[in-house]
Amino acid sequence: IFQNLDKPCDFCTNDKILGNNFGKTYAWEWQNLANKRWYRCIDKGIKWPDGREVRFEIAIDITERKKAEEKMKRLLEREMEFKLRTSHYFFNPICIAKGFLELAKEEDGIDKIEKALKAIDRIEKVVKNIITKGEIKE
């Protein structure tokens, strides 16, 4: 009735709480197909006052929690993408600058120092754009 079906539910947990598992508690999460809401279900086989073994279930609506978890997941994915893109824009010119400075140490190379300074300028542009516009670009 709760699932608007005319047969036992495909997700039935009777095997986890009845028979050899009678008296054991089984907790799970599921989205109701009829109303599209999420529930944390806690099931247990219990003895009814007339002696029958019956299914007892408590279903707690966790839809808002699930929505918050999905939002958090999307935000964490965006944060990871931001970190990956930002690290590229920082590490690439830093490696260039370090390489040219190392070469300049070995030789008397003004042109290499100029290239290193250009790479450092690239980093400065990225930092300024992140701070002022929230954009990861040079």
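This report describes the strand pairing, the aromatic contacts and a nonpolar surface patch of a predicted model.

Residues are numbered from 1 along each chain as its sequence is written, and side-chain values use heavy atoms, with hydrogens and water left out. Because the model is predicted, local features need pLDDT of at least 70 and side-chain atom pairs count only at pLDDT 80 or more, whereas totals for chains, interfaces and linings use all residues.

**Sheet**

Three strands make up an open, antiparallel sheet in the order E1-E2-E3, where strands are DSSP runs (E, at least two residues; helices are H or I, at least four), numbered from the N terminus, and two strands pair if DSSP finds at least two bridges between them. Strand E1 (25-31) and strand E3 (53-61) are the edge strands, each pairing on one side only. From one strand to the next the twist averages 25°, with axes taken as lines fitted to C-alpha atoms and angles running from 0 to 180 degrees between N-to-C directions.

E1 is joined to E2 by seven bridges, and Ala27 stands opposite Ile42 in E2. Ile42 also stands opposite Ile58 in E3, while nine bridges join E2 (residues 38-47) to E3; Tyr39 has Asp61 in E3 as its bridge partner. Both connections are hairpins, as the table shows.

| Hairpin | Residues between | Turn residue and positive phi |
|---|---|---|
| E1 and E2 | six residues | Lys36, about 65° |
| E2 and E3 | five residues | Gly51, about 100° |

**Aromatic cluster**

The structure holds three aromatic pairs, for which ring centres of Phe, Tyr and Trp (its six-membered ring) must lie within 6.5 Å, planes under 30 degrees apart counting as stacked, over 60 as edge-to-face and the rest as tilted. One of the pairs is Phe11 with Trp30, tilted, at 4.0 Å centre to centre and 35° between the planes. This pair links distant parts of the chain, since Phe11 lies in the segment before helix H1 (14-17) and Trp30 in strand E1, 19 residues apart. The rings of Trp28 and Trp30 have centres 6.4 Å apart and planes at 55°, so this pair is tilted. Phe11, Trp28 and Trp30 form one aromatic cluster. Phe11 is partly exposed at 24% relative accessibility, whereas Trp30 is buried at 14% (buried is under 20% relative accessible area, exposed over 50%, partly exposed in between, with a 1.4 Å probe and protein chains only).

**Nonpolar patch**

Leu101, Ile110, Ile113, Leu117 and Ile120 make a nonpolar surface patch of about 420 Å². Patch residues have over 30% relative accessible area and no salt bridge, nonpolar side chains (Val, Leu, Ile, Met, Phe, Trp, Tyr) being joined within 5 Å and like charges within 9 Å; a salt bridge places a side-chain nitrogen of Lys or Arg within 4 Å of a carboxyl oxygen of Asp or Glu. Helix H3 (residues 110-133) gives the largest share, four residues. Leu117 lies in this helix and is partly exposed, with a relative accessible area of 48%.

Technical notes: Accessible areas come from the Shrake-Rupley method with a 1.4 Å probe; for residues, only the protein chains shown count as cover.
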